[in-house]
Amino acid sequence: MHIVDGALSNAVVLGGGIAAAGGIAMGLRSLDIDRIPTAGVLSASFFVASLIHVPIGPSSVHLILNGLAGLLLGWAAFPALFVGLLLQAVFFGFGGLTVLGINTLNIALPAMLAWLIFGRLIGRGTPGQGALWGGLGGGFAIAGTTAMVALSLALSGDAFLPAAKLVFFAHLPVMVIEALLAGFAVLLARKVKPELFTRNAIA
Amino acid sequence: MRHLFLITALLCAPLPALAHKVVAGVFPSGDAIEGELGFSNGDMAAGTEVVVTGPDGAELGRTITDEDGFFLFVPTAPVAHTFRADLGAGHVAEVTMPAEEVAGILGAAAPATPEAEPPAAPAPAADAGASMAALAETRRRAIAEAVRNEIRPLRREIAAYREHNDLQTILGGIGYIVGLFGLGFYLAARRRLAG
């Protein structure tokens, strides 16, 4: 999921950087004092999640958790995920510093879209219904990220469909796991801390 | 449902690990440049094409990795060699061997080539010295080959170790996040108190 330095054309890297900067600015404006701790916790979860490898056959994939971050943070997912990505690049060498912008965009934009589509739904109805929508949102964010990665590669010269298929199918297991994780996280939060979602329901 | 799961599993099985860091390294190996290519989790890139370019960007040649992710390239000019491979899905490996090292390989290879031919015929007693030299040369090559094979797993282990993320690194990263968001919290709180 992390595109490395040198894999993309300069135009894509530059465009991604500008778009990510815009998203981060929007996120910082929407990040009020009550939600800073939530953003910090989700940023840390995202940072660590990439180290949790799920063995699938001879290979393995890692968790991303961007759907959960998006559902809880909305636009504020941009700064939270940016911080996580920056530290992953510096500490673990995942991705790289020049492609930080496009990686942030690829991971945070689907998270934000998941919030736009499913954010209101998870606060409504019974906790079970909310969890179902949360799960869909979690899976949707991963699918969106695979599409964004494939699009970035396509704009840099790779053929879109083979690249998209490759990334999408490799991340099907992650999609299922993250949908379950997001679903149960929403279920738990709806039961023990329902006020976390009231903002979403009103907004 | 079970069939669906099976199909999904089969679809995923042949794909390379997409979510890992790419590792690549090159080192002198006799009269050739040997390199290895793979992912940080130990999956090696088999059958991947490696494009070799010079410092001016001109293509010097291509080579294909074997099933262990190793590739060989015999240099012809003492210039910096850049090896680049596309492992798909945004994973690109690029590694350069500086000109001095390539020159060292060429220097080591030049005297070795003429001596590689004679040992086919049993040498008469008259030129036993030459035979000795040839024997020494073949023995030297065999030893070099054996040493290379011996240190190969070590080299791979070191590469894997370098990619290893220990608890301190992870805790350090989390510490940075806590500090950063704490700073944000402080700034937001100060703004609220002032306003």
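This note goes through the two chains of a predicted model, point by point.

1. Conventions. Residues count from 1 along each chain as its sequence is written, and chains are lettered from A, with ligands numbered from 1, in the order in which they are written. In this predicted model, local features need pLDDT of at least 70 and side-chain atom pairs count only at pLDDT 80 or more, while totals for chains, interfaces and linings use all residues.

2. Chain A overall. Chain A has nine helices and two strands. Here helices are DSSP runs of H or I of at least four residues, strands are E runs of at least two, and both are numbered from the N terminus. The order along the sequence is α-α-β-β-α-α-α-α-α-α-α. Of its 203 residues, 57% count as buried. Buried means 20 or more other C-beta atoms within 10 Å of the residue's own; exposed means 12 or fewer, and partly exposed lies in between, with C-beta atoms placed from the backbone. Take the contacts in chain A between residues at least 6 apart in sequence: 77% of them join residues at least 24 apart. A contact needs C-beta atoms, placed from the backbone, within 7 Å.

3. Helix 2 against helix 3, chain A. The axes of helix 2 (residues 36–49) and helix 3 (residues 66–73) of chain A come within 10 Å and cross at roughly 175°. That makes helix 2 of chain A roughly antiparallel to helix 3 of chain A. Axes are lines fitted to C-alpha atoms, for helices over the stretch in contact, and angles run from 0 to 180 degrees between N-to-C directions. Angles over 145 degrees count as roughly antiparallel, under 35 as roughly parallel, 65 to 115 as roughly perpendicular and the rest as oblique.

4. Who meets whom. From helix 2 of chain A come A:Thr38, A:Ala39, A:Leu42 and A:Phe46; from helix 3 of chain A come A:Asn66, A:Leu68, A:Ala69, A:Leu72 and A:Leu73. The residues of this contact divide into seven nonpolar, two polar and no charged. Nonpolar covers Ala, Val, Leu, Ile, Met, Phe, Trp, Tyr, Cys and Pro; charged covers Asp, Glu, Lys and Arg; the others, Gly among them, are polar.

5. A:Leu42. This residue sits in helix 2 of chain A. A:Leu42 counts as buried because it has 28 C-beta neighbours inside 10 Å. Leaving out residues up to four places away in sequence, A:Leu42 touches A:Leu68, A:Ala69, A:Leu72, A:Leu73 and A:Ala80. Its C-alpha atom is separated by 5.8 Å from that of A:Ala69, 27 residues apart along the chain.

6. Helix 3 of chain A and its ends. Helix 3 of chain A is mostly covered, with eight of its eight residues buried. A:Leu65 lies in the loop between strand 2 (59–62) and helix 3 of chain A. A:Leu65 is not a glycine, yet has a positive phi of about 65°. With 28 C-beta neighbours inside 10 Å, A:Leu65 also counts as buried. After helix 3 of chain A comes A:Gly74, whose phi is positive, near 65°.

7. Cores. The largest nonpolar core has 74 residues. Such a core is a set of buried Ala, Val, Leu, Ile, Met, Phe, Trp, Tyr and Cys residues joined through C-beta atoms within 7 Å. Residues with the most contacts inside this core include A:Ala69, A:Phe78 and A:Ala108. Helix 5 (residues 100–118) of chain A gives the largest share, eleven residues. Beyond its neighbours within four places in sequence, A:Ala108 is in contact with A:Gly23, A:Asn66, A:Ala77, A:Phe78 and A:Leu81. A second, separate core of 17 residues includes B:Ala24, B:Leu37, B:Phe73 and B:Phe83.

8. Chain B overall. Chain B holds four helices and seven strands. From the N terminus on, they run α-β-β-β-β-β-β-β-α-α-α. Buried residues make up 20% of its 195 residues.

9. Hairpin in chain B. Strand 3 (residues 49–53) and strand 4 of chain B run antiparallel and are joined by five bridges. Strands pair if DSSP finds at least two bridges between them. The two form a hairpin with five residues between them, and B:Gly57 in the turn has a positive phi of about 90°. B:Glu49 has B:Ile64 as its bridge partner in strand 4 of chain B. Of the six residues of strand 4 (residues 59–64) of chain B, the number buried is zero, so this strand lies largely in the open.

Note on methods
Two residues are in contact if their C-beta atoms, placed from the backbone, lie within 7 Å.
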